[in-house]
Amino acid sequence: MRTARATAAAVTATTATTALLALAAGRFASNAALRPRPGHPLPTDPRLTVHAVTADRVTLTRDLSSLRPGTYGLTGHGVHAVVGPVLPDAPHTADTVVRRLERVTHGTLDAGAEVRLTPQVHIGDPRTALGLDHEDVEVLGETGPLPAWLVPSARDTWVIAVHGLGTTREHPMVVMDFLHRRRFPVLSLAYRGDRGAPRSPDGLSHLGETEWRDLDAAMRHAVRHGAQRLVLHGWSTGATMALRAATHSALRDRVAGLVLDSPVLDWEATVRALATARHVPDALLPLAVRAAQGRTGLRPHRVRERADIRDLRVPALVVHGPDDAVAPWALSRAFARSRPELVTLHAVPGAPHGAMWNADPAGYEEALRRFLTPLG
């Protein structure tokens, strides 16, 4: 009898220990998505070594990421620079690639530095980065005051810009000058969890599913200050916020259109992708999804079943590409096919998550121009 009881106790203890280990593993794996560091590149962007620097060129480790087309930020410890296209005719070794160095915006870029490419090209504020006059404003959100930049202009249709994973409100400056030249006022928002903004009540990212209420607060702010119509332009989880606000906000009738760049339409797929990028074993990925759901209350979605997709009533430009490793491109295609009367899909090959402008600035801005012309 004693042996049986001891065995049962040992089995119970082992089961409890296994459950605790599984819980801990799931929490760790889900942290890649639920505890992002604002302004730090995503784990899907690999570290690169700077091999050489001249006044107008930088030599980097050869990798699929360093061979991407377009213009990117280059960020490392204490340094930020902007790099342009690959220079294939520049002398280089078999394991390096040379890109045009546009400028060093912060710190010193030295050989030996570890850096990552990021879609966030500009740092600072609209005045220091772009020479645009702006106002520092405060949006009153449900978690507290939210800092934002307002770049005023003549139209009464405002663009509210919302960044996504791995970036800050500096990211939307890639299109701010373009929008300003077309006389759209732009409000670029920092929301819960960002630098200078309050934390979310549980300290976790909800991948846009609750953060959209901060965008709703920005919409109210814009209308109080003269906006008659609104265009919501979101990247990544910011696109999720825009889609949700367009169908759930009390001000949804003011929304004239949506621009959704690399939208996160399935949070489970994004949790899996970010956990994989942090080298979480495949066997633990289901634990990461369950942990994320348990910690945040997120519900699983399929793109055709999402209420905000089904209830969409305004035109949407979806800008996405098949090389996005964080938010599946196939879901954006399914979204566009499910609402062909409203959704225009602009594909950008070769672009990582949130970097559709970076890979093809001219094509991005032309698609944006065509979309915005009838809305403004």
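Select strand 7 (residues 135–141) and strand 8 (residues 144–151): 7 bridges join them, and they run antiparallel. Strands here are DSSP runs of E with at least two residues, helices are runs of H or I with at least four, and both are numbered from the N terminus. Two strands pair if DSSP finds at least two bridges between them. This is a predicted model, in which local features need pLDDT of at least 70, side-chain atom pairs count only at pLDDT 80 or more, and totals for chains, interfaces and linings use all residues. Residues are numbered from 1 along each chain as its sequence is written, and side-chain values use heavy atoms, with hydrogens and water left out.

Stay with this pair. Strand 7 and strand 8 form a hairpin, with 2 residues between them. Pick Glu135 and look across to strand 8, where its bridge partner is Leu150. Leu150 also has a bridge partner in strand 10, namely Leu187. Strand 10 (residues 186–189) pairs with strand 8 over 4 bridges, in the antiparallel sense. Buried means under 20% relative accessible area, exposed over 50%, and partly exposed in between (1.4 Å probe, protein chains only).

Next, show the barrel. Its 6 strands close in the order 1-2-5-4-3-6, with antiparallel pairing. Within it, strand 3 and strand 6 are joined by 4 bridges; Gly76 has Val115 of strand 6 as its bridge partner.

Now turn to the largest pocket. A pocket is an open set of points on a 1 Å grid over the protein atoms alone, where a 1.4 Å probe fits, with protein on both sides within 12 Å along at least five of seven lines; lining residues have an atom within 4 Å of a point. The largest pocket has 27 lining residues, and Gly39, His40, Pro41, Thr75 and Arg116 lie nearest its centre. Strand 3 (72–76), strand 4 (79–86) and strand 6 (114–118) are the elements that give two or more residues to this lining. Strand 6 gives the most, with 4 residues.

Finish at helix 5 (residues 237–248). Its 12 residues should span 16 Å at 1.5 Å a residue, and the end C-alpha atoms are 16 Å apart, which agrees. The expected span is 1.5 Å times one less than the number of residues. Which residues of helix 5 are buried? Among them are Thr237, Met241, Leu243 and Arg244. In total, 11 of the 12 residues of helix 5 are buried.
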